[in-house]
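Hi,

Here is the structure I promised to send over. Have a look at it first, and then read my notes below.

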Amino acid sequence: MHLILFIVFAGLCLAGAINLLLQTHPINSALSLVVVMSSLAVLYLMLGAEFLAAAQIIVYAGAIMVLFTFVVMLLNAGREERTLGSRAAKALGLPAVAVVLSVIATVILKAQGLEPVALSDNITSTTDLSKVLFHELLLPFEVTSVLILIAILGAVALARPAGDEHGRRTGVEK
Amino acid sequence: MIPLSWYLLLSAALFSLGVIGFLIKRNLITVFMSIELMLNGVNLSFVTFAHQWHMVKGQIFVFFVMVVAAAEAAVGLAIIIAIFRTRSTLAVDRIDLMKL
């Protein structure tokens, strides 16, 4: 059962990631990224991370990907073209990435002491997670909210048109 | 029962596919999506090791990565909109000046 679930969702995950690279239109890439993120949520569930599986669906597959598709549609992005730069990147980059992947795979396969995973052991409930998050790691959690606030302000400031009245006025004032 | 290293191999494969996408894609938005793919690959290995060592902190780290990724997506896409407004292109080869 566990093996079948792993093979199905790991396969979906890899297929989505490869499809992201093969598609030339950004909207197709965005939709295959949604597939990758949803199947990763199932893998998190199989590793006993309930809260993260829900957060993965809501935050990644929901919020972030909606933002991506929204921007793709807003900018009316067309198909990408093949250029000299992409051919050079393919010729040099693919062997380099293959080397990095094989090094990582060798390290992983040689690692000792990795236990096999059973389907229902070591499930982390949201209670356990929040006990650590809101006691030991309360300060980082609160700092994150400041980070989010700054990100919102930065996004609004950056996305505002350059010819905007307010932008001009604050830019000229010294 | 499946070995834990399979999850780690999957996460390494996802990370490598993200790096390949970052290198070969020529659309700014798709390059940005490849970065998200790399973040997801790393998140999977965080969750795998949290399962292996029975530690909750690994999962909390993934939670923070998600929060930072959300903030990064908001700011990054705003930058992409600003670039598109001045250059009216999304091809990374034609965006070669830091100046707007």
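Let me start with Ser88(B): at 56% relative accessibility, Ser88(B) counts as exposed (exposed means over 50% relative accessible area, buried under 20%, partly exposed in between, with a 1.4 Å probe and protein chains only). Ser88(B) sits in the segment after α3 of chain B, and its phi is near 45°, a positive value in a residue other than glycine. Helices here are DSSP runs of H or I with at least four residues, strands are runs of E with at least two, and both are numbered from the N terminus.

Before going on, some housekeeping: this is a predicted model, where local features need pLDDT of at least 70 and side-chain atom pairs count only at pLDDT 80 or more, while totals for chains, interfaces and linings use all residues. Residues are numbered from 1 along each chain as its sequence is written, chains are lettered from A and ligands numbered from 1 in the order in which they are written, and side-chain values use heavy atoms, with hydrogens and water left out.

Chain B has another residue with a positive phi that is not a glycine: His54(B), at about 55°. You'll find His54(B) in the loop between α2 (28-53) and α3 (57-87) of chain B, and with 51% relative accessibility it counts as exposed.

Now the salt bridges. The rule asks for a side-chain nitrogen of Lys or Arg within 4 Å of a carboxyl oxygen of Asp or Glu, and by that rule there are two over all chains.

One pairs Lys57(B) with Glu136(A), with the closest N and O atoms 2.9 Å apart. That pair crosses between chains, going from helix α3 of chain B, where Lys57(B) lies, to the loop between α5 (126-135) and α6 (138-159) of chain A, which holds Glu136(A). Lys57(B) is partly exposed at 39% relative accessible area, whereas Glu136(A) is exposed at 54%.

Arg26(B) and Asp93(B) form a salt bridge too, their closest N and O atoms being 3.3 Å apart. Here the pair links distant parts of the chain, 67 residues apart: Arg26(B) is in the loop between α1 (4-24) and α2 of chain B, and Asp93(B) in the segment after α3. Arg26(B) is buried, with a relative accessible area of 11%, but Asp93(B) is partly exposed at 33%.

Leaving aside neighbours within four places in sequence, Thr144(A) is in contact (heavy atoms within 4.5 Å) with Phe64(B) and Val67(B). Thr144(A) is buried, its relative accessible area being 11%.

Finally, chain A as a whole. It has seven helices and one strand, in the order α-α-α-α-β-α-α-α along the sequence. The radius of gyration of chain A is 22 Å, but a compact globule of 174 residues would have one near 16 Å (taken over C-alpha atoms; the globule rule is 2.2 Å times the number of residues to the power 0.38). Along the principal axes, the C-alpha atoms of chain A fill a box of roughly 65 × 50 × 25 Å. Of its 174 residues, 32% count as buried.

Cheers
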